[in-house]
Amino acid sequence: IKLKSAVNRTAVNDIHPCYEIHDFNYIFTNNPSIICLLLYTFLIILSVVTICGNILVMMSVIYFKQLQSPTNYLILSLALADLLVGILVYPLSMAFSLSSCMYHEELFCKIRASFDITLSTCSILHLCCISVDRYYAVCQPLTYESKITTCCVAIMILVSWVVSVLIGISILIGGLDNDKCEERCFIDVLIENTVGPILSFYLPVVIMLCIYLKIFLVAQRHVRSIQSTTGVANVSKMQRKATKTLAIVLGAFLLCWTPFFLCITFGPFTHLSIPVPVIESLNWLTLANSMLNPFIYAFFYNRFRVAFKMIISGKIFQDDFDTLH
């Protein structure tokens with residue numbers, strides 16, 4: 001038993017700098033190392049920035065009438081999902097990390113995973129809905145207002161939340177049923193590594209890539225059509241701006257999400273053993289996207305920047321400051 005405990009302690013310390021095993025229980029160490037303190041300080045800062053950034057977005061849309069539009073209602077709901085990631089998923093992921101849950105699976109581990117999957121999926125589906133909104137705004141501007149109505153956006157938001165909750169509940173139920181299996185149940189593996197990633201990531205990514213490619217091509221065609229009147233320099237500047245915006249939107253999203261989903265999808269079907277620290281780091285990278293979304297989808301708009309300044313400066317608490325100037 002002492003030998004087994006020593007082996008486990010060495011393995012755990014190699015996996016996570018903040019945990020150790022006592023009497024076969026995986027607990028937070030009483031003497032955290034410098035690496036552990038720096039890690040959790042960074043994660044706390046990440047959580048605070050995520051919460052504050054998304055609160056700013058939500059307050060801006062709710063308070064300022066000029067920002068109350070169908071498009072911004074999607075951004076408002078996205079900010080709510082990302083806010084819940086900062087409030088619920090970040091603390092639960094720090095208290096019940098992937099490393100600790102591998103050694104000592106508890107109900108809270110399954111709840112953490114369910115919240116993680118639900119809110120992350122909801123965030124991804126909202127990004128997909130925003131890309132649809134941008135498609136109609138750029139590619140079909142004459143019919144945009146008649147198609148992307150408040151009712152249509154409400155349906156998008158409702159579907160995004162319902163689908164996300166159903167996927168999260170399926171993962172939770174699959175995890176609970178897995179306790180009855182000597183080995184991992186086939187249905188559990190199928191949901192976690194195939195059906196879940198397809199619905200949560202791969203399908204929305206394909207949709208977003210196709211939509212943004214179409215938007216970029218249409219934008220280039222519009223630029224070429226007005227080249228004779230605006231001049232080459234202005235056209236070149238417009239092309240660079242369109243390319244930069246789409247590159248930031250897609251680049252940040254794919255950078256945060258693709259590595260993790262590739263690992264969990266193809267890892268179980270290969271003979272390679274992916275180290276737990278790698279998977280855990282990639283999981284935190286996906287959560288960081290909830291911090292980036294307010295910057296990507298709000299900070300690039302001048303009205304949001306003005307709204308943020310007014311909120312931070314406290315001007316919204318003064319009279320006659322419910323409109324943007």
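Mentor: Let us start with the cavity. A cavity is a set of grid points where a 1.4 Å probe fits but cannot get out, and its lining residues have an atom within 4 Å of a point. Please keep in mind that this is a predicted model.

Trainee: How many cavities of 30 Å³ or more does the search of the whole structure find?
Mentor: The search finds one. The volume of the largest cavity is about 40 Å³.

Trainee: Which residues line the largest cavity?
Mentor: Its lining consists of N54, V57, I75, L78, A79, D82, N293, P294 and Y297. Sorted by class, six of the lining residues are nonpolar, two are polar and one is charged.

Trainee: Which helices supply at least two residues each to that lining?
Mentor: They are α2 (34-63), α3 (70-95) and α11 (276-297). The largest contribution is from α3, which gives four residues.

Trainee: Let us step back. How many helices and strands does the protein have?
Mentor: There are 12 helices and two strands. Starting at the N terminus, the order is α-β-β-α-α-α-α-α-α-α-α-α-α-α.

Trainee: What share of the residues is buried?
Mentor: Of the 325 residues in the protein, 42% are buried. As for contacts between residues at least 6 apart in sequence, 71% of them join residues at least 24 apart.

Trainee: Is V61 buried or exposed?
Mentor: V61 counts as buried because its relative accessible area is 1%, and the cut-off for buried is under 20%. Beyond its neighbours within four places in sequence, V61 is in contact with several residues, including L67, Y73 and F304.

Trainee: And where is F64?
Mentor: F64 is in the loop between α2 and α3. Its relative accessibility is 0%, so F64 is buried as well. From F64 to I316 the C-alpha distance is 9.3 Å, although 252 residues separate them in sequence.

Trainee: New topic: how many salt bridges does the search of the whole structure find?
Mentor: It finds two. In general, side chains of opposite charge can pair when their charged atoms come close.

Trainee: Which residue pairs with R112?
Mentor: R112 forms a salt bridge with D116, and their closest N and O atoms are 3.7 Å apart. Both R112 and D116 are buried.

Trainee: Why are R112 and D116 separated by about one helical turn?
Mentor: The reason is that they are four residues apart in helix α5 (residues 107-139).

Trainee: What about the salt bridge of R134?
Mentor: The partner of R134 is D133, with 2.7 Å between the closest N and O atoms. R134 is partly exposed, at a relative accessible area of 25%, whereas D133 is buried, at 0% relative accessibility.

Trainee: Finally, what is the mean pLDDT of the protein?
Mentor: The mean pLDDT is 78, and 73% of the residues reach 70 or more.

Trainee: Where does pLDDT stay under 50?
Mentor: That is the case over residues 1-14, for which the model has 16 contacts beyond four places in sequence.

Conventions
Residues are numbered from 1 along each chain as its sequence is written. This is a predicted model: local features need pLDDT of at least 70, side-chain atom pairs count only at pLDDT 80 or more; totals for chains, interfaces and linings use all residues. Side-chain values use heavy atoms; hydrogens and water are left out. A salt bridge is a side-chain nitrogen of Lys or Arg within 4 Å of a carboxyl oxygen of Asp or Glu. Buried means under 20% relative accessible area, exposed over 50%, partly exposed in between (1.4 Å probe, protein chains only). pLDDT is the predictor's confidence in each residue, from 0 to 100. Contact means heavy atoms within 4.5 Å. On a 1 Å grid over the protein atoms alone, a cavity is a set of points where a 1.4 Å probe fits but cannot get out, and a pocket is an open set with protein on both sides within 12 Å along at least five of seven lines; lining residues have an atom within 4 Å of a point. Grid points are joined across faces, edges and corners, and a volume is the space filled by probe spheres set on the points. Ala, Val, Leu, Ile, Met, Phe, Trp, Tyr, Cys and Pro count as nonpolar, Asp, Glu, Lys and Arg as charged, and the others, Gly among them, as polar.
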